[in-house]
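Let's look at how the parts meet, and then at what surrounds a ligand.

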Amino acid sequence: ACGAGESRDDDDSGGGSAVGITDDSIKIGAHFPLTGVAAPGYSEIPSGHQAYYDYVNANGGVNGRKIEFVVKDDAYDPTKTSSVTNELVLEDEIFGMVSGLGTPTHSAVVDFLNSEEVPDLFVSSGSLMWGDDPEARPWTFGWQPDYEIEGKIIGQWVKENMPDAKVGLFLQDDDFGEDGEAGVRQYIDDQIVDVQRYTPGNTDVGPQIAALQASKVDLVLGFNVPSYTALSQLVAMKLNFTPKWFYSNVGSDPALVGSLLARFSEGSVKDDASLLDGVLSTEYIPGVDAPDDPWMKLWQQVWDEYGEGGKLTNYRVYGMSEAYTFVQALQAAGDDPTRESVVEALEQVGGDFEGPGMAPFRYSEDSHLGISGMSVVELKGGKADPLTPVLVTDIGDAEITEDDSAAGDVPPDNGIPDEEPAS
Amino acid sequence: MSEHENTVPLFSMSDVSVTFGGIQALSDVALDVGSRQVLGLIGPNGAGKTTLFNVACGFVRPDSGSLYLRGKRVERLRPHQLADHRISRTLQGLGLFDRMTVLENVMVGADRHAQTGFLSALAGVGHRDDARLVSRSRALLEELGIEAYADRLPTSLPYPIRKRVALARALVAEPELLLLDEPASGLSQEEMADLGTLIRGLTDRMSVMLVEHHMDLVMSVCDDVCVLDFGRVIARGAPDDVRRDPAVLAAYLGDEVEHRATEVGRCSRYAI
Amino acid sequence: MQQFVNTALGGITLGAVYAAFALALNLIWRSTRIVNFAQAPMAMITTYVALVLIDEGYSYWVGFAVALLSGLVLGAVVERVVIRPVEGKPDINAIILTLGLFVVLHSAAAIVFGSRFQSFPAPFGLRGIEVGGTSIALTPFGVFTVVAVATVMVLLVLLFRYTDLGLKMRASAFGPEVARLLGVRVGRMLTLGWALAALVGSLSGLLIAGGSLVHPAYMDSVVVYGFVAAVLGGLDSPVGSVVGGVLLGLSLSFVSGYVGSELVPLSALAILMVVLLLRPGGLFSHVAERRV
Amino acid sequence: MIRRFTRVPLVRHLLLALVGLAAVVVVLESTSPFRNAQLANVAYLGIAAGGLTVLTGLNGQLSLGHGAFMAIGAYTTALLLQDADPALPLVGVLAVATVVALVCGVVVGVPAARLHGPYIAGATLALAIAIPSTALFFDDLGGEQGLNVLVPDLPTWILDAAYFVTGNEMDRTRSIAYIGWVCLIVTYVLLANLQRSRVGRTWRAVRDDDVAAEIAGIHLGRARVLAFVVSAGCAGLAGSVMAMAVRITAPSGFTLNLSLLLLSAVVLGGLGSLAGALIGSALLTFLPQVVTDVGVDAGLTDVQAAQLSPLVYGLVTMAVILLAPAGLVGSLRGLLQRRRLASAGN
Amino acid sequence: MFEVRDLTAAYGPVTALDGVSFTAPKAKVTAVLGANGAGKTTLLRTVSGLVRPQRGQVVLDGDDITRAPVETMSSRGLAHVPEGRGVIAELTVEENLRLGALGGADRTRRGDTERVYELFPVIGDRRNATAHVLSGGERQMLVIGRALMAAPKVLLLDEPSLGLAPRIVAQILDLLRSLVESEGLTVVLVEQNARSALSIADLGVVLNLGTVVANDDAATLADDVQLRHAYLGF
Ligand SMILES: Nc1ncnc2c1ncn2[C@@H]1O[C@H](COP(=O)(O)OP(=O)(O)OP(=O)(O)O)[C@@H](O)[C@H]1O
Ligand SMILES: Nc1ncnc2c1ncn2[C@@H]1O[C@H](COP(=O)(O)OP(=O)(O)OP(=O)(O)O)[C@@H](O)[C@H]1O
Ligand SMILES: [Mg+2]
Ligand SMILES: [Mg+2]
């Protein structure tokens, strides 16, 4: 495992660095919580990536290059993220970081990646940090819609459709909840009567839900992860608390939450319908609840052929969708991609990528933020039923507009994108 | 009765009472130790002898009463401060530091003589001071005839040697008052005799309070004997007088012993 | 008012769960003088055993019984295989050993059962009952939890205070050599202590899991709070464990609901520190100090 | 002559430190930046483990919460290093972090000194989770996301001097590794001094028999608090180095796992031995990576390979306790001693 | 009858017992004497199984019990009062005594606690206190009382007089005598203090450095001036 010192390229000058890439391979890496408290769910994302890369590799790779995806476990601990990123960059010599997960974890390495000029693509987190300031972090790109625009879209919808509702917020106590709250407050600051925060890891949310109930809220907006959706529903059941629920996209995952709650609806709940019926949420990529969507058909096919086994879940779909975007970026960077050219290509043509995202990416020289919008949906019988067209916006006071232009994208027949080189 | 040279005794307690949840371990005990005197403290099991030592050392706060050391009141002192007031004691058990060598055990007792503090220890410049503690401790080990064991761990040593180590640790602090709690238990007749000589030898530099159940030793080394029963002083006086005191005989010695006490040296039934 | 009642009720149920866990620690401490940090993952494993059975279509109670039984066996096996060799060695050896076991069981479970969330059924309803129009967070399953914990506590008090077996177990813990001389089969007692403790631990695992989600780390917060509860009450007293557990559950529930859930760990520390400052041996310690 | 000289503990420790420093220079200069980063990791774990081994091995107090003191040191450092050019030089930052942890050590150590056995374990366990969680409460501490740490460049004269000695330019990773190892060496010299001094003797006496220690004139409370404070200070310094090496300080970096990891490092290496603490730290730094790589090579999925590393770490811990209860260094020492006895007997 | 044949035991490299043989006849007191470190304690510990012998046999009423587990000793009627620290300090006085009765051989003859309290009124006063608070001598009484609770056939006593007031020692020795005479108890008495031990013993065994140097009538031993001076210290 030594010798890293010698093989490091000597010339940083000239046509850009070609670390991690050869004529027939490209090596990328990522950090994910594969163990520890954050592992449930999130540890499935990289298997989605892997399945899709295997699929692409089996079909000849990208310009003849096979994608090698190296995943390291950081247990959601920034200290470990830092050390595995060192390992990926300095020892494994990856071309770029793709989809490293988590806000505190990725924060620990974002400066390092930028100072080492390593492409840091498609961070798996909705924090604004991944793209709102390309000057400060020129090598970093977000992917999913950030929490703030989701908050804005939810806020506007509530303002228009439930103007009299007393709103309570149920927030994860970190940037996720914070950014979401900021977005929501742009529209319905006066409607919010109570804010409750839970600390991830503390699974007893009884006191929080009891407080919301005591505030007599009609609508709870949840910026939380799926397990807490299930927990909040369970506690609400215990308390006979029946407001309207609106979970952000992160937490809604109807398939997962539905299956978690299914067991409790068997005996204890009288009405047979799913506990999640009538719950509101948002959607920006098709998920496993829509098996007939052309993208889902592709993912299902890829998973069946190249997956590591187990069910196809929304986490895996998320991973495959990110992987798809990475393949697009690589193609756009031309026949001989360098670290620089990938970033340049994303800035130039990334905004036009067609993919599973229902709204376009915001990639440009001024913004590295990801998908720009989503639609509001209602869950019915375990499926998401759109209530609005795709709503698109940006951070800050950008307006919310309707834009269905990207929603009709269908995957190419061979399931592999075909981007033109950007330059 | 032996007379004290000074008008103020070295150590005294008056009206000391201690109760433990309903058990009266000491009641109104008054007692004094003159300088360079050996005071024997005897009494039945559970009479309160160790408790009295504990009071003297600050391990037990008396419910009432006062302690004086050279005329100064000391009952508010904590155990670790007594060493500075030049009181040392041994424990009824051994109380050695099992994972430290004999020398180190004794050096802990000599800690009072150390002059350097935490900072010089941290900076590693205290070794000269430490060397003085080493020589002091070695000298004492030599005096007690156990210097050969200086670098051994106590657990590997025979019981009588360990008892001596415990004694050395108490002596190295150079106390004025030494409290010995059953120093002879587990020793053979011969070793006990040596111990007696040793204790007598100490009286040129300190006073000793001795708790012991071996009458031979008590009778031979004590200037004065004080008898406790149910937490009260029931007799006090010269060994010979105390030994004949009927109350003491009834409470403590038992009548069988009386024969032996008068005919020391003869092998008699039940004698200890 | 409704919030107050519901927060309190939630706190009591939560406290009952801490109490159950604390009882297991208490039992193992009293019978072997070891704090078993692997208690939580052991309980987690047995809960998964129940889950597998239930998924296979067996009833909840079959799963429940088998989980308790496998807890018993697991406890015995762990004592025989892992703990027995360090018997009589310094405390820290056993502690580190159980910490090692903690890690091993954890990752083994993640490998075998996967690390995703799974829901665990409850035998009784999970809906709160209505009292005079307002609904309160007292569920039938919550009642079951409290009753189960109280029963275990009473059984433990009876076992240790009034039976010869309890006496032998305590004697084995405190003075193995002397106990042996007096004819106590110390080895068996230690094994039995671990087995029973693991059984109680399994019960606490099942109670926490009931009507909630399980994953390999689902017991982790209980490791801390259950232990804090046990220490709070005094490790030598089953009543202390229960009082400590309920006290802690209640306080933390109120802190979480009225102040902020991020202060929960800090309040646990504060409560523990205050109690231990006043009573270094916990609330229910009763050993009079005699040091010399 | 030299013999007599090296019998003075300070001289011996300084000599060892010099040898250590030389070894550090050679190793850091000849290894890759990645290894440098790993070695920085070893350094800060080693500093904290060194303090803990003194507390647990010498004084007999068990702490399951030293990660909390690392968090205190790390957060102090992060707060001091918020600007690109901080008000304090790095040495000052390290010192302030240590002192803040020392002070917190007093706050915790005073009540802890009265506790024993499982009660102190319980209190420190609660500490381990309570301290990092307070960061969530105070907005100034950056919440879940934590605080970024901006490590300033070393002063040019140091860089020049380093270039002069090694002939290599010093990059940032390497300079932090140097900071870590210099701190480690200084800490270990100080701890070794303490260990051999009357303070160390006092600590061991309290560990072996507190009653006997007290009648020998030792202030029990003071001795215990002092040991606790010293080790808390070490943890604070370690946290400071950690903050610089990791470049971020967030609550999720100070989970209970960290505290337990430190304890295993100490026990794996051999309780009470500084060398053991260092070896334990190295083991815990390098082991996971090696194991995971082996797992991946053996064809396991990423998730399985990742789980393999804690599994092996747990098994190794258990195996050491069962097979070599004195730890690696302790067992080695025992072996050598037996050899010596055997050869002396012949 | 109780017999030891060629018993040899070692702690690592230290041989503490080297081929010890003797017989302790039924209903007699056999004193085992010798200087500190002679191996007396080791002898008793080997007999009751706490130390594994390297060689030799222990025979109780014709049964070879050499390798029987410690736990079975009390049910064979053997009780061992260990040297020092024999109480379980965390249990109450009453519990310590109850424990003593659990393992005895003969259920019907096991004593009740009241008998012990009568014998030692001091500990009767403390029956519900944890043994932790007892004084040194009170602990010793408790240990002896606990051994009696099992109504043993053979009683091994390791320095029972340690820390006891003379009157209590006398009382205990009286009691032993009467148990020997009335109930046929066999006693093996280890004492540092040879003089008082020989005064109540029927037989004496003198150990030196792990070997038997004398084995005879108690009176004969007490009269042997040379032996007394060489090994018994009086
Ligand atoms: N902390 C305590 N709590 C309750 N009772 C105690 C405590 N300390 C001592 N006692 C009781 O006080 C009485 C006196 O005990 P002490 O140890 O002083 O006796 P002693 O005279 O030294 O006896 P011995 O000769 O047996 O050592 C005893 O009955 C003992 O049980
Ligand atoms: N646990 C042990 N480890 C090593 N050596 C021991 C151990 N116990 C006793 N010895 C040694 O074995 C020898 C016999 O000791 P033993 O305790 O049997 O003597 P004893 O006659 O009972 O002496 P005492 O009168 O002091 O009780 C001694 O040399 C002693 O040092
Ligand atoms: Mg006493
Ligand atoms: Mg002996």
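Predicted model: local features only at pLDDT ≥ 70, side-chain atom pairs only at ≥ 80, totals over all residues.

What you do get between chain C and chain D is five residue pairs in polar contact, with both residues at pLDDT 80 or more.

Which parts of chain C touch chain D? Three helices each supply at least two residues to that side: α4 (91-113), α9 (220-233) and α11 (264-278) of chain C. The largest share comes from α4(C), with 14 residues. Sort the side of chain C that touches chain D by class, and you find 34 nonpolar, six polar and three charged residues.

How many residues does each chain bring to the contact? Chain C gives 43 residues and chain D gives 42 residues. As for size, an interface is often described by the accessible area lost when the parts come together. Between chain C and chain D, about 3800 Å² is buried, and carbon and sulfur atoms give 82% of that.

Now step back to the whole set of chains. Seven pairs of chains touch, and the pair with the most contacts is C and D. Some pairs don't meet: chain A and chain B share no contact, and their closest C-alpha atoms are 31 Å apart. Chain A doesn't touch chain E either, with 38 Å between their nearest C-alpha atoms.

On to the ligand. Where does ligand 1 sit? You'll find ligand 1 between chains B, C and E. There are 21 residues around ligand 1, and those that come nearest are B:Lys49, B:Thr50, B:Thr51, E:Arg126 and E:Ser135. Here are some of the distances from an oxygen atom of ligand 1:

| Residue | Atom on the residue | Distance to an oxygen atom of ligand 1 |
|---|---|---|
| B:Gly48 | polar backbone atom | 2.9 Å |
| B:Thr51 | N or O atom in the side chain | 2.5 Å |
| E:Arg126 | N or O atom in the side chain | 2.3 Å |

How much of ligand 1 does the protein bury? Taken alone, ligand 1 exposes 630 Å², and the protein buries 95% of that. Two elements give two or more residues to the shell around ligand 1: α1 (49-57) of chain B and α5 (136-149) of chain E. By class, the shell around ligand 1 has five nonpolar, 10 polar and six charged residues.

Conventions
Residues numbered from 1 in each chain as written. Chains lettered and ligands numbered in written order. Heavy atoms only, no water. Contact = heavy atoms within 4.5 Å. Buried area = accessible area lost by both parts, 1.4 Å probe. Polar contact = N/O pair within 3.5 Å; in protein donor to acceptor, adjacent residues only side chain to side chain. Helix = DSSP H or I, 4+ residues; strand = E, 2+ residues; numbered from the N terminus. Nonpolar A, V, L, I, M, F, W, Y, C, P; charged D, E, K, R; others polar. Near = heavy atom within 4 Å. Areas by Shrake-Rupley, 256 points an atom, 1.4 Å probe, with all protein chains shown as cover.
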